[in-house]
Amino acid sequence: MGNHYRVVIGAVIILAILGGILYKGSQSTVFYFTPNEIGQAPERYLARTIRVGGLVVPNSTKWDPDAVTLWFTVTEDFNSGIRVRYAGPKPDMFREGQGVVAEGILDERGLLWASTLLVKHSEDYKVDPKQVTDKKMAYKSLLRE
Amino acid sequence: MVSDFGYVLLAVALALSLYGIVVPHLGVVRNNWNLVRSAQYATFAIFVMVLGASAALVHAFVTSDFSVGFVWENSSRDMPIMYKLSAFWGGMNGSLLFWELVLSGFAAFVAYFYQRTNREVIPYVIATLNVVQTFLLFLLVGWANPLARLAPVPLEGRGLNPLLQHPAMALHPPLLYLGYIGFSVPFAFAIASLIRGKLDNEWVVTTRRWTLFAWYSLTVGIMVGGQWAYEELGWGGFWGWDPVENASLMPWLTGSAFLHSIMLQEKRNMMKVWNFSLIIITFALSILGTFIVRSGVLNSVHAFAQSEIGPAFLTFLALVLVVSFTLMFRRMRLLESRHTNDVLLSKESTFLLNNLLFMGIAFTVFLGTVFPLLAEGIRGTKLSIQAPFFNAIVAPLGVALLALTGVCTLIAWRYSSLSYLVRNFRWPVAAALVTAAALAALGMRHIGALVAFAVIAFTAAVLATDFGRAVRVRAEQLGIGLLAAAGSTVLRNQQRYGGMVIHLGMVFLVVGLAGSFFGAEKSMTLTPGRAAEFHGYQIFYKGPKVQRKDNATLRAAEIEVYRGGELVETLLPARSFYTTQPEPLTEVAIHRNLREDLYIVLASENEGGSVTLRVLVNPLVIWAWFAFPLFSLGTALAMFYRPRLLIEPAFERGLGAAAGA
């Protein structure tokens, strides 16, 4: 008799885990896009968290230390780009002309309100996968394409 | 010169490992024990040769011999000797050699010490371990030769990545490898038992200590890795659900499930098929973990196919899974457990639930880690699965596991009555409710946090009351003092109390993790002489300070931390510049007390002399570290307990409630 209960309890737990995976998985998955993809149809990217990768346009950076806010534009072809407002300290390795990935929400004016900023190491910096962490990782797969 | 000699040793070891696969089998087929013995000697010889090759690599590191490519890539003359040595596992090729070194040591140990006691299976244990050795030696001799030479010889090395120049990073990889490789011993015994059709509990009982040892190494390795991430990466946490971290967590989860489930086989003769499956999965996940970390698959799914290591690992992984499970299914009919227990309120049920939860967490972590790789590899879609996914599923399951720890301690094997449970759980449940109510009264509104701390209180109370009761009973029986009774209680049932000490460690670990419910973070820009207020601390920026430290220059901000008008500590968050590296490294400064960590990162030095700081308050972090001595003590206690082979109905005796397991 008890075995019957156990099977039911086990099945309920397994279903709960699977349900949680499906529900949370769809919620916490963030997709990568390029500035041009977004530029073509910005309305499709509104009001959800996205990752945008590209290069920092030279002379587009504004760093406001008192408000701890960083402004810059990312591009892939230097013709068009997405303006980013990142609320956080300027990362050590942030340079103009270098690759970054910004994660945040796009507003109707086409401004990306970024909460996370990942910066690419300079090329000759040998990065062993062992040492690379979430903050330093995600940009690489994107920018190498 | 020395390195060429080392390479030759590896090549000979490869040949010997092939010999060590074939010959034990021949020995069994021809019933010629001399053949088995020669394979045993071959296994010893492999160890000596791999040791020699490793010594050659160490020699190259110590003498800064940059004609060896691996040394050039990972070392430089100005590095402290400790990091010159730990650079051994600072890159892929050296890591694989280290793995093979440890494995060959374990194989030699096993071949020597179990030849009499496990005579029936030992030929195939040796053969199985040699299969794994052949794979590694094949990589080392072929694509991942750590002793390969460069010409012309560079004058200076590129230096070990500064991120790795940290004491925790000298320890973290070897500990993980000890864990991974430790599981290969029970795996080899399992496979050998399947091949020989020796399907009793021998393999489980023989390798119990190896399992414990592997579990302990992996646990400490993961903790040290978290410590490194916390101090060295400067993003403010110790666990980010990064694929590299998940890679080590997966075998830990299935290994933990295995550690519990073999007790069911040891004591109750249940779960035989399941235990074979678990050790196969755990070993496969150890291989997968190394693959994920070392193949470059994380940099780019497409890049790994160009390295030869990636496909080689995947092929080996597929081979391990297919062969192992085929062997198991062939023996399936003989493996059916004769004992089943279908009483819901029994210790058996809690063990089953425990395994279900561990596997649920492992499955979640596996999906979250592998899915982005598959999505990119198959459909070309780039996506990332983020921490909230893992937290949302793993945290409730983890808290449920901790609650189960408490329930399992008090519930008896085979059958417990409801009234017995009510009587025993009165006080722990009261403790849980009081804790939750107190925290709610203090203003905590996060439901998850309230549940987590209630469960922490419940399990802590169960462990305390259970141990207290056992000690009191023993003191009365023997008429001795409480302290002496406590010692004798523990020593009389080391396995049980070793487990309880480890569980107490888990309580502390969860306290530390649950602290992240109340963390806070703020970024601030300060000019010299200015101060800011954060979470009751006054953070005063005195000015910049430049220091030399070993092979780096530190540009620090001198920060005085005050609380209640008193100076608590002067902190030096810094950025360090290494001559061999173009980019600076963040050096976090931490003020730690029992309540919380004040964690300060020097984010940037601005024009005009101001600095931007990221300041975090991470509550209760130190409590997670109290788990470390408890894990060590508990493992030691459980390690020195010697189990007996279970003869079928022997478990009938002495199964009173308190004397459970």
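His535(B) lies in the loop that joins strand S3 (531-534) to strand S4 (537-549) of chain B. In this predicted model, the residue has a positive phi of about 50 degrees although it is not a glycine. His535(B) has 16 other C-beta atoms within 10 Å and is therefore partly exposed.

A positive phi is also found at Ser64(B), a residue other than glycine, where the angle is near 50 degrees. Ser64(B) sits in the loop between helix H2 (33-62) and helix H3 (69-74) of chain B. With 17 other C-beta atoms within 10 Å, Ser64(B) is partly exposed. The table sets out the two residues.

| Residue | Phi | Other C-beta atoms within 10 Å |
|---|---|---|
| His535(B) | about 50 degrees | 16 |
| Ser64(B) | near 50 degrees | 17 |

A further backbone feature of chain B concerns a proline. The peptide bond from Ala151(B) to Pro152(B) is cis, and its omega is near -5 degrees. Pro152(B) belongs to the loop between H6 and helix H7 (167-196) of chain B.

Ser3(B) is part of helix H1 (residues 2-29) of chain B. Ser3(B) counts as buried because it has 22 C-beta neighbours inside 10 Å, the threshold for burial being 20 or more. Leaving aside residues up to four places away in sequence, Ser3(B) touches Ala56(B), Ala60(B), Val68(B), Leu147(B) and Arg149(B). One of these partners, Val68(B), is 65 residues from Ser3(B) along the chain, yet their C-alpha atoms are separated by 7.4 Å.

Two packed helices are described by the angle between their axes and the distance between the axes. In chain B, the axes of helix H18 (residues 447-478) and helix H19 (residues 482-492) come within 8 Å and cross at roughly 110 degrees. Angles of 65 to 115 degrees count as roughly perpendicular, and H18(B) and H19(B) are therefore roughly perpendicular to each other. The H18(B) side of the contact comprises Ala470(B), Val471(B), Arg474(B), Ala475(B) and Leu478(B), which meet Leu482(B), Ala485(B), Ala486(B), Ser488(B) and Thr489(B) of H19(B). By class, the residues of this contact are seven nonpolar, two polar and one charged.

Chain A contains three helices and seven strands. Along the sequence, the elements of chain A follow the pattern α-β-α-β-β-β-β-β-β-α. Buried residues account for 36% of the 145 residues in chain A. Among contacts in chain A with a separation of 6 or more, 48% join residues 24 or more positions apart.

Over residues 122-145 of chain A, however, the pLDDT is below 50. Where pLDDT is low, the predicted coordinates should not be read in detail.

Conventions. Residues numbered from 1 in each chain as written. Chains lettered and ligands numbered in written order. Predicted model: local features only at pLDDT ≥ 70, side-chain atom pairs only at ≥ 80, totals over all residues. Axes fitted to C-alpha atoms, helices over the stretch in contact; angles between N-to-C directions. Helix = DSSP H or I, 4+ residues; strand = E, 2+ residues; numbered from the N terminus. Parallel < 35°, antiparallel > 145°, perpendicular 65-115°, else oblique. Contact = placed C-beta atoms within 7 Å. Nonpolar A, V, L, I, M, F, W, Y, C, P; charged D, E, K, R; others polar. pLDDT = per-residue confidence, 0-100. Buried ≥ 20, exposed ≤ 12 C-beta atoms within 10 Å, placed from the backbone.
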